[in-house]
Amino acid sequence: MTMASSEVELAELLADAIKRSRARFCYECGKCTGVCPVARYDRSFSPRSLLVRAVRGENEKLVGDVNVWSCLTCKLCDTRCPALIDYGMLTKAVRTVVRRQGGEGTCTHGGAVQSLTRIMTSPKLKQDRLGWVDDTMKVRRKGDTVLFVGCTPYFDVLFSETGSNTLAGSKGAIRLLNAAGVEPVLLPNERCCGHDLLWSGDIENFKMLARQNLESLEAVGAERVIVACPEGYMTLKVDYPAHFGKLSFEVVHLTEFLAESIESGALKFDGGGDSTVVTFQDPCRLGRHMGIYDAPRTVLEALPGVEFAEMRRSRERAACCGVGGWTNCTSFSKMIQADRLREAKASGADTLVTACPKCEIHLKCAMNDPVLKDEVRLEITDLAALAASRLV
Amino acid sequence: MPSEPGGTKTKASGATKTKASGAKQGGEEGFEPRVVAFACNWCSYPAADAAGINKMQYPPNARIIRVMCAGRIHPAFVLRALELGADGVLVSGCHFADCHYLFGAKRAAEQFEKTAELVRLLGVEKERVRFEQISAAEAPKFVKVMNEFVGDLKRLGRSPLAGAANGELTIPDAVGEDRT
């Protein structure tokens, strides 16, 4: 293990994050708490008070504090902060420190996803994860363009009860790439990108996953990696180079690739399909973290028979899907999700489109609310699945 | 369950070292698989009890965890055991018609279906996870299942996942000296 483990080193790690996130510039105006989707329902949570405790060095209090894990890391507070504080960076560091001292959030779904990701650190692992790829999809074993699929094969097993179908997005992604003239390489032993471990402070295991993914990508000769999942996109594009130096390939999000292909005329949608009104859920990682707002909208507007309606809170102001990193799903998450679904319905849309499998799973789960019923129910689909259905 | 890999190390490390060092890899002689068995309070656990009372011999490789209902065994628990270095995991509950809670046995089968599919995706041998229905009256079946399962695992050898998550093996060796 290369990371710090002694108390002194932990203190240094936190001090460095406080400095780099500009936490000391906080003048306690409380805008972060005012805009925070968690604080809206959970009065015990406040980004500002968490920051103040971290700056004061009250580590022992933070270890047992459930609120360390309540933050969705959705970055909405960052967009409002007049002192330009990077709360995400600070939260990540606080979680790393707290985790080393034995603190942990409540892992939703019994910790199944956390176990799966840690299992994937095993070098001897030989996954059998591409059974869903059929003959109609053209893929390669080696080549310059890789499609980084993400964890959807696992999600569809674990979360079948919510009615989500995240693999439809992965299948759609391959069909779209094929239609644009690209035969992507799929990694047969692609591991979890490590996003959730990184954001819950487990840096050692994140690095083990990252190192093995980088090796697999280099082995197939990747020059461009198209990532279908916003979390994977951010992790590959930002966190891999931050830990391992400059990458030997370019990282592109699927929606960026699709928008470019549409503009250049390489990708055309001539398919029919029912006319529908859709709205778009901006995933936090794609939107506020990576600044991609236009690409998904460009794709939606190019689809025949699809009319686009914006939700009241969209783009930089979009609301999170309610849970981050499969941790601390609470009644507050359900309130955030129900609110978001009501907003989607109020936009006049009959279908909610998202570009993130987690948004799909979380919002689908919230739709199963036995009390709210039709108040929160509408179609929900992945952007790639919808777009692929409108190909010829 | 703490999920920091080093979290449960202290108690286990001594036993792991003393005995696992003698165990050979890959189905070789002397390899003792480490098994986690989730057994239902109303059927399989009493079956194991009865096997013991009747002095029926079966391999001592399993750490039996008594649960109120096998329907509670979410895939997460089985995955967690594999993550921590178990070579095999047994989930044993009631026959469908015998379930103490009426719906639990069905739930257990549904949960295990997911578990088996996840294990398949991970590329782990499907024989490493096993679902059984053993009633309280079926002590001989419990013995038979244990014999078969441990035999299968001996042939398969050490789990490819043992050593995942920073190489920590945190389950005490079943036949180690530390049998508390």
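Start by selecting strands β3 and β4 (residues 129-133) of chain B: five bridges join them, and they run parallel. Strands here are DSSP runs of E, at least two residues long, while helices are runs of H or I, at least four residues long, numbered from the N terminus. Two strands pair if DSSP finds at least two bridges between them.

This is a predicted model, where local features need pLDDT of at least 70, side-chain atom pairs count only at pLDDT 80 or more, and totals for chains, interfaces and linings use all residues. Residues are numbered from 1 along each chain as its sequence is written, with chains lettered from A and ligands numbered from 1 in the order in which they are written.

Now click B:Ser92: its bridge partner in β4(B) is B:Glu132. Next, pick β1 (residues 35-40) of chain B, which five bridges join to β3(B), again in parallel. Here B:Ala37 stands opposite B:Leu90.

Is β3(B) (residues 88-93) mostly covered or mostly open? Covered: six of its six residues are buried, meaning 20 or more other C-beta atoms, placed from the backbone, lie within 10 Å of each residue's own. One side holds B:Gly88, B:Leu90 and B:Ser92, the other B:Val89, B:Val91 and B:Gly93.

Move on to where the chains meet. There, 24 residues of chain B are in contact with 27 of chain A (C-beta atoms, placed from the backbone, within 7 Å). On the chain B side, α3(B) gives the most, with seven residues.

Last stop: α16 (residues 331-346) of chain A. Its buried residues include A:Phe332 and A:Leu341. Just after this helix, A:Gly348 takes a positive phi of about 90°.

Methods. Contact = placed C-beta atoms within 7 Å. Expected span 1.5 Å × (residues − 1). Buried ≥ 20, exposed ≤ 12 C-beta atoms within 10 Å, placed from the backbone.
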